Amino acid sequence: MNECDALQTMNFKGSLSRYLLKLRVQLKYPRLYRLSSWKNHSIQDTLRAWEIYHTLDFQWVRELRSWEKDQIREVEVLVQSISLNSSEDQVIWKVNGEAYNTKSSIEIMSAGDPRFIGNWNQIWKIKVPHKIQTFLWKLEAGALPTNESINLRLGDEFSKECPRCRGVTESVNHIFWNSLEAKSIWCMVANWWSLNATQKSKVGNSLKETLSIFKGIMVSAAWKASVAAVLWSLWLRRNNLIFNHYWETINSSAAMIKYRSFKWLRAEMNFTEELYNLWQVNPMGATMLHNKNGTYQDLVWWNAEFKAFTDGSWKFNGSIHSAGIGGYIEDTNQSLIFIFSGPSKAASPKEAEREAIIFAYKSFISQRSIQGRLQIITDCLTLVDEFQKCRAGNSTIEDHADWIGLIKNPYIKIVYSPRENLTSAHELAAQGVNSEYSLHAWC
Ligand SMILES: [Zn+2]
């Protein structure tokens with residue numbers, strides 16, 4: 001199935017088909033169009049009249065000849081195929097004439113080009129209403145009635161120009177990714193989601209790549225709903241201009257994107273209403289909070305940068321030495337996510353430092369719900385040096401399983417910071433010296 005076939009497979013009920021109908025009548029029946037006294041009436045008015053009178057006989061500038069009347073019958077058949085009701089637009093399949101449903105669409109798509117299947121699989125998993133999934137699929141399949149695609153069907157009498165930026169073809173890429181307006185909206189979204197440079201560079205390359213910026217289950221679901229809301233809002237914005245001659249400002253589009261995505265997440269993921277204020281300024285934070293309060297224990301937060309502040313404490317009293325370790329882990333927003341403090345059997349200050357580092361490292365990698373890069377901060381220069389040499393392969397690694405694991409883990413890094421930046425970790429380690437048990441907790 002190629003893109004054109006996909007386009008032919010679908011028909012629209014509602015406002016879009018009314019719009020297309022007028023074009024079709026005008027192009028297919030130019031003589032009738034010239035004779036019409038209703039040229040400037042909207043197709044909606046014409047259809048309303050049709051609903052009342054069930055004929056188009058009254059709207060001509062002169063009496064029609066018999067062959068013209070035959071054409072009128074054809075148009076009437078066309079008009080009859082449009083249902084006018086107050087229900088929402090829906091897609092019907094020309095293949096079986098039934099209202100669109102997932103099962104039939106998957107059957108139809110599976111019969112054809114396999115490239116639809118992969119995209120579809122990803123799209124139907126997005127936590128948005130079915131109507132929006134269908135829209136995304138049409139977007140991917142090149143089946144949206146953009147001016148470019150209508151021009152392909154109807155020929156050059158129909159302009160493929162963007163109604164907003166004259167002289168530019170209104171393609172899918174133009175509407176959703178490349179136009180200045182689309183770009184400023186994506187830029188707003190990137191800031192709203194605090195995307196880093198790598199993540200930003202993925203936005204707009206393709207729908208697939210844009211959707212896959214976050215890998216974790218919850219954050220990814222919230223991000224995908226946001227992406228869907230951007231695309232849907234860009235489409236409604238464009239349709240608003242064409243059908244209602246109204247151009248929404250970027251600010252109000254931004255507000256609508258936040259509102260729509262949140263509304264969908266409320267329905268599909270049980271986000272609570274109280275999260276909306278936070279969602280508007282910090283979608284990641286709202287998602288994290290929802291995850292904390294909710295039933296989703298399987299959060300995986302990839303691409304995030306975490307910092308562990310660690311310290312070892314070593315005391316020597318006469319013939320007895322005692323040691324302790326302590327520290328904590330912060331997320332990107334400098335929120336505390338893990339804290340530890342406890343005694344240590346280390347035989348030297350350096351070994352106490354190493355034990356603190358390894359404790360933070362092991363706690364971090366054992367918490368399967370949080371994944372990302374971890375920067376372990378220590379004030380022990382000797383260990384930083386050892387770590388760097390081992391990582392570079394310039395030194396043999398000490399025979400210590402956890403230390404070897406740390407050095408081989410590309411997501412972990414040990415960095416130096418002077419003691420004054422580690423006062424909290426230092427206190428935790430000092431407390432650890434005197435504790436009987438190790439205390440640690442995920443916050
Ligand atoms: Zn444009």
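Biologist: Where is His245 found?
Modeller: This is a predicted model: local features need pLDDT of at least 70, side-chain atom pairs count only at pLDDT 80 or more, and totals for chains, interfaces and linings use all residues. Residues are numbered from 1 along each chain as its sequence is written. Helices (H or I, at least four residues) and strands (E, at least two) are DSSP runs, numbered from the N terminus. His245 is in the loop between helix 14 (217-244) and helix 15 (250-269).

Biologist: Does His245 count as buried or exposed?
Modeller: A residue is buried if 20 or more other C-beta atoms lie within 10 Å of its own, exposed if 12 or fewer, and partly exposed in between; C-beta atoms are placed from the backbone. His245 is not a glycine, although its phi is positive, about 50 degrees. It has 8 C-beta neighbours inside 10 Å, so His245 counts as exposed.

Biologist: What is the phi of Asn270?
Modeller: Asn270 lies in the loop between helix 15 and helix 16 (276-281). Asn270 is exposed, with 12 other C-beta atoms within 10 Å. Asn270 is not a glycine, yet its phi is positive, at about 60 degrees.

Biologist: How many bridges pair strand 3 with strand 4?
Modeller: Two strands pair if DSSP finds at least two bridges between them. In this hairpin, two residues stand between the strands, and Gly318 takes a positive phi near 60 degrees. Gly312 is opposite Ile325 of strand 4. The antiparallel pairing of strand 3 and strand 4 runs over eleven bridges.

Biologist: Within what arc do the buried residues of helix 21 fall?
Modeller: In helix 21 (residues 423-433), the buried residues are Ala425, His426, Leu428, Ala429, Gly432 and Val433. They line one face of the helix, because, seen down its axis, they fall within an arc (of the directions from the helix axis to the C-beta atoms) of 165 degrees. An α-helix has 3.6 residues a turn, so residues three or four places apart point the same way. The arc for helix 21 is 165 degrees.

Biologist: Which helix do the buried residues of helix 21 pack against?
Modeller: Two residues are in contact if their C-beta atoms, placed from the backbone, lie within 7 Å. The buried residues of helix 21 pack against strand 3 (304-317), strand 4 (320-330) and strand 5 (336-344). The helix they pack against is helix 18 (349-366).

Biologist: Which residues does Arg354 touch, leaving out those up to four places away in sequence?
Modeller: Arg354 is in helix 18. Arg354 is buried, with 28 other C-beta atoms within 10 Å. From Arg354 to Val384 is 30 residues in sequence and 9.9 Å in space, C-alpha to C-alpha. Arg354 touches Leu383 and Trp403.

Biologist: What share of the residues in the chain is buried?
Modeller: The chain has 21 helices and eight strands. Of its contacts with a separation of 6 or more, 67% are between residues 24 or more positions apart. Among the 443 residues, the buried share is 31%.
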